[in-house]
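Please look through the structure below before reading the comments.

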Amino acid sequence: MSVKVEKGEKNTAKLIIEVPAEEFEAAIKRAYEKNKDKFQVDGFRKGKVPYDAVEKMYGPSVFFEDAANDCIQKTYPDAAKETELEIVSMPEINVTKIAKGDSLVYEATVALKPDVKLGKYKGIKVDKVEIEVTDDEVDAELDKVKEQNARLVAKEGEPVADGDTVTIDFEGFVDDKPFEGGKGEDYPLVIGSHSFIDTFEEQLIGKNAGDDVEVNVTFPEQYQAEELQGKPALFKVKVKEIKVKEYPEIDDDFAQDVSEFDTLDEYKEDIKKNLTEQKEKNAEAEKEGKIIEAIVEDAKMDVPEQMINTAADQMVQEFAQQIQMQGISFDQYMQMTGSSPEAMRDQVKPQAENRVKSSLVLEAIVDAENIEASDEDVEEELKKMADQYQMELDKVKEMIGDQTENLKRDITMQKAVKFVVDESK
């Protein structure tokens, strides 16, 4: 394998990678072994067709795509390492030469970590935030706890109203035909939650338990399923049950039920204390954010678009994981909201750019101030993780494994944040 590098504009590079003919030929044979059961040629049993017979019938390029992918997966990591470039994005691959009996040549276009020229990063002035917790905020927190302790009870003799929870069966039709994902049974729907598209929920208001309702809606133009985009749909809905929330009285008994305190006044004082602590943490985070924002503003860097796109993709993946932890698949969420991964990526790109630039300036400060993570720092961080996840320290160390360098990087970044905050005015 040989590698050539062509530097591009805005911190990009093109790696031109040549895989020797014998390696490409071996990959073709591996592709044949992997796929030979799929071919059927007269005179041979399925799965027993010789390579030469497959090639004669389907042409020499029949295995090129699989073989090229195989070679790229095997050679790109070593090629990237050989260049000693700081690559910060997934490669964009383009095969430029592929032929039987010849070497395989492909290009991998990548983003490189940009140089950062720091401006002012010490003595950043930030206005102090005054911390105050009002009685209204305490009452609002009480209302949240009251909401959490509400009971759903059957609503008798009254129709569906905004805020009610209805249990429904439904089936959707487009052009008089049912569509995939358009059917559900015993589905709990909160009226006014806007978890269903268009005016679906509003059309159930005023209906009674036992009613069969025809709901007409139109799918959004940017709906995830392309075949449904902008199309009118009819949902046949059965309202099976209507429930309404019943709230507890906020008094001393309520305080005893939801907390460790005997009286409502004691519980309110604890809420105020916790809200004050939370506001102080938020104020500190806001201060950090403003300081880093000012440092980014005064720094000079040329960030490649691929680096921002990679960060945006990561943010979408993080959101998908959070949604899945709540018991909803990402596909379901996309369908419910009428969004798409591409639209979400575009939406988070400004945040992704800020995240990338913030990370780059902090790394530059780490270098400028010779900030390091000692073995003691790593041990302390591992102990915090053990406490957080309620695991034994040895188990955490085993889980981290060979990711210690990443942990050290995180620690140095935290130290860089503390440094610029301590140096601020």
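1. Negative patch. Patch members have over 30% relative accessible area and no salt bridge, with like charges joined within 9 Å and nonpolar side chains (Val, Leu, Ile, Met, Phe, Trp, Tyr) within 5 Å. At least two residues of the negative patch come from each of α5 (252-258) and α6 (264-298). Asp252 belongs to helix α5 and is partly exposed, at a relative accessible area of 37%. Buried means under 20% relative accessible area, exposed over 50%, and partly exposed in between (1.4 Å probe, protein chains only).

2. Basis of the model. This is a predicted model, in which local features need pLDDT of at least 70 and side-chain atom pairs count only at pLDDT 80 or more, while totals for chains, interfaces and linings use all residues. Residues are numbered from 1 along each chain as its sequence is written, and side-chain values use heavy atoms, with hydrogens and water left out.

3. Nonpolar patch. Ile93, Val95 and Ile98 make a nonpolar surface patch of about 200 Å². Ile93 sits in strand β3 (residues 92-97) and is partly exposed, with a relative accessible area of 36%. Helices (H or I, at least four residues) and strands (E, at least two) are DSSP runs, numbered from the N terminus.

4. Salt bridges. The whole structure holds 31 salt bridges, each a side-chain nitrogen of Lys or Arg within 4 Å of a carboxyl oxygen of Asp or Glu. In one of them, the closest N and O atoms of Lys240 and Asp186 are 2.6 Å apart. Lys240 is in strand β9 (residues 232-246) and Asp186 in strand β7 (residues 177-190), so this pair ties together parts 54 residues apart in sequence. Lys418 and Asp422 also form a salt bridge, at 2.8 Å from N to O; both are exposed.

5. Aromatic rings. How many aromatic pairs does a search of the whole structure find? The search finds 18; rings of Phe, Tyr and Trp (its six-membered ring) pair if their centres lie within 6.5 Å, and planes under 30 degrees apart count as stacked, over 60 as edge-to-face and the rest as tilted. Tyr121 and Phe419 form a tilted pair, 6.5 Å centre to centre with 40° between the planes. These two residues are 298 residues apart, with Phe419 in helix α12 (residues 404-422). Tyr121 is buried, at 13% relative accessible area.

Terms used:
Areas by Shrake-Rupley, 256 points an atom, 1.4 Å probe, with all protein chains shown as cover.
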